[in-house]
Amino acid sequence: TPLKNIRNFSIVAHIDHGKSTLADRLIQMTGGLDLREMKAQVLDSMDIERERGITIKAQTVRLKYKAEDGEDYILNLIDTPGHVDFAYEVSRSMAAVEGSLLVVDASQGVEAQTLANVYHAIDANHEIVPVLNKVDLPAADVERVKTQIEDVIGIDASEALEISAKTGLGMESVLEAIVKRLPAPKGELNAPLKALLVDSWYDTYLGVVVLVRIIDGVMKKGQKIRMMASGAVYELDRVAVTTPKLVEVKELTPGELGVFTASIKEVADTNVGDTITEDKKPTDKALPGFRPAQPVVFCGLFPVDASDFDELRAAMGKLRLNDASFSFEMETSAALGFGFRCGFLGLLHLEIIQERLSREFDLDLIATAPSVVYEVEMTNGETQYLHNPADLPDVMKIAEIREPWIKATILTPDEYLGAILKLCQDRRGIQTNLSYVGQRAMVEYELPLNEVVFDFYDRLKSISKGYASFDYQLAEHRAGDLVKLSILVNAEPVDALSMLVHRTVAESRGRVMCEKLKELIPPHLFVIPIQAAIGGKIIARETVRAMRKDVTAKCYGGDATRKRKLLEKQKAGKKRMRQFGSVEIPQEAFIKALKMG
Ligand code: GDP
Ligand code: MG
C-alpha cells in the first residue's frame, strides 16, 4: 500500500467513555468481520478485561475504507492498554501510530485517565482529533466539554466531532476525519528493514505472535530477522495483518502494522520497544527509547493447601507465557511454607494476576503484604534492592533506605475534596497543585508508592462514592525514615505480615494490625498473645482469649448427624487456615489485617 493511503491511529479515553463501542462500530462499518464474527467488543478478548472494562494487551485492527475523495485507504487502529500500570506499553503503542482520536464522554467530561493517556499521545507527537461521544444522552453538554478540553489539555476543540458510538450518529465523520486530519506515515521502502516491536502474545495454535510497525524496508515470510536488543535471530514463518482475524500477506511495507510468527518459544523472548531488522542487511541505528519492563510491586503468593504448590507453579508458568512483565521465583516463608515471590508492573497488574490464578486455575492463595522495591544503602557503600521486607538486613549496617514516590493526579467532585485531601495527607502525601476542571477539582500529590499499594484505590473510591478518578506516574526514590514492623503471634514472628513503614505511623499501624488480628484469629484452647514490634521493641499488644468448650459440646450427645456435620464444617474451615506453631490463622486474616481501613 502506498504511504499516502495509510492512516494509523489509536483511541484514547477514560474507562467507560466508549472506546470499545467506537472501535466495534468502525470495524462493523468497514467490514473486517461478518455479522456472525462480530461479537460485542471484539477488542477486549479476555473475560477479566471485559468485566473490568480495561484492555490489557494491545491489539490491532486493519480497516479498509473508501473515502469521499474516492480513494481506498487502509486504516490501522491500535488498541492501547488502558491503565497506568502499563504506561510503557502505552507509550510504545503510541509510537507505532501517527494520530489519536481523543474520546470524551460528553455527559461526563475529562477524567484522570483521559489526561494520562492524552499526554502519551502528545508525547508521541500525535495529531489529535477530539471526539465527543454519547451526545445522545440528555446530560450531554458539548460546549462545556469542549471548553474543558481546551482549558485542561490545551488542544483546539473547535472542530471536535459530536457522535454517538451507540446509535451510530456521526460515525461517517469519524472515518473522514481519520483520513483528512491525520497525517500519512513516512518511511523508506528501499532502506534496510527497521520495525518497532509493539506487542506480543501467546496463541494456543500459533505460538508467540509479534505485533510490529514497519518503519523502513520490507518484512516477508522466510526472511531472517534479528531483534536488536536481545540479539536473537529468527526465521519468519508467517507474516499477516489482523482484521482482527489473522490474514496472511505476502509482505509488510513501511507505514504498515502487522504480525509475524517465527517459532519463538516464549513471550519473554520478545521485548516491547525492541527494534527488529534483517539479519543479513541490518539497519545501523535502533529506534530510540527501548527499555526492559521493570516490576515495581512485589508480593508473596502461597498456596493455602501446600499440596497445590506444583499446580501453582504450572499456572504461573502459563500466565507468564503471555505476560513477560509478570515475574516469579520460588520463596520459602517460615510461616507460609513454599510459595513464590512475584513481581508486577503495578497494583492493578497484581490484582489481575491474583484473580486469574484463583478464577482460571481454581487455586486458593494467600498473598502477603504487597511491597515496593526499596533501595537500601549499606554503611559499606553497597546498594541492595529489597523486594521483601522480611529480608531487610541488620539495621546497624544500613546507612539509608530510599522508597519510590509517585506523582498522582486525582479528579473529584468538589464535595469529596476535603475527605480526599485528608486521605492523601494521612498517607504522607505532599500536595503540589489544586485547580478546577469545570465543576471538578483536580489535585496533584506526591505520594510514597508504599502508602498507595495497600488499599488507596479502595479508600478513594469509597470516600468519593466512586466519583473520583485516579492516575499516577512513578517519580524517583527518596530517603525516608523507614522501620520494619514485625507481627508476632503467640511469640512467633509471622514473616508474611512484616512490612516497612514510616516511623511516624509505625505505632498506630502496629496497633491497628493487632486489633484486627484479634478479631480475625478464632479462639483456641489457650491464650494467644498478638504483638507488634519494631526491632526488639514491642509497640502494641492484644490477646485472643481461650475458648471454653469444643463446638460439639453444644449438641447434647444425642444427634450424631449434627455432630458429624459440625466436625466436617470445622475440617473444611481448617483447610482455609494456616498453622503457625500451634496457632491457626484463617486465610482472609492476612488480607484483612493489611487493609488500613
Ligand atoms: P470503554 O471502557 O471506553 O471501552 O467503554 P465502552 O465502549 O465499553 O462503553 C461503556 C458504556 O457506555 C457501555 O455501556 C456502552 O454501551 C455505553 N456507550 C458507549 N457509547 C455510547 C453512546 O454513544 N451513547 C450512550 N448512551 N452510551 C454509550
Ligand atoms: Mg473497553
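Which residue in strand 23 is the bridge partner of Glu375? I looked this up in the predicted model and found that the partner is Tyr385. Strand 22 (residues 374–378) and strand 23 (residues 383–386) run antiparallel and are joined by 4 bridges. I then followed the hairpin these two strands make, which has 4 residues between the strands, and noted that Gly381 takes a positive phi near 95° there.

I traced 6 strands in the order 2-3-1-4-5-6, with mixed pairing. Strand 2 (59–66) and strand 6 (161–162) stand at the edges with a single partner strand each, so one side of each has no neighbour in the sheet. For strand 2 I checked the pairing with strand 3 (residues 72–79), which is antiparallel and extends over 8 bridges; within it, Lys66 has Asp72 as its bridge partner. Helix 1 (residues 19–30) packs on this sheet, where I found it touching strand 1 (6–13), strand 2, strand 3 and strand 4 (99–105), and its direction makes about 45° with that of strand 2.

Last entry, ligand 1. I listed 17 residues surrounding ligand 1, the closest being Asp16, Lys19, Ser20, Thr21 and Asp136, and by class the shell divides into 3 nonpolar, 9 polar and 5 charged residues. Helix 1 gives the most to this shell, with 3 residues. Going through the polar contacts, I noted a polar backbone atom of Lys19 at 2.8 Å from an oxygen atom of the ligand, a polar side-chain atom of Asn133 at 3.0 Å from an oxygen atom of the ligand, and an N or O atom in the side chain of Asp136 at 2.8 Å from a ligand nitrogen atom. Of the 570 Å² of accessible area that ligand 1 has on its own, the protein covers 79%.

Key
Residues numbered from 1 in each chain as written. Chains lettered and ligands numbered in written order. Predicted model: local features only at pLDDT ≥ 70, side-chain atom pairs only at ≥ 80, totals over all residues. Heavy atoms only, no water. Pairing = 2+ DSSP bridges. Contact = heavy atoms within 4.5 Å. Axes fitted to C-alpha atoms, helices over the stretch in contact; angles between N-to-C directions. Near = heavy atom within 4 Å. Polar contact = N/O pair within 3.5 Å; in protein donor to acceptor, adjacent residues only side chain to side chain. Areas by Shrake-Rupley, 256 points an atom, 1.4 Å probe, with all protein chains shown as cover. Nonpolar A, V, L, I, M, F, W, Y, C, P; charged D, E, K, R; others polar.
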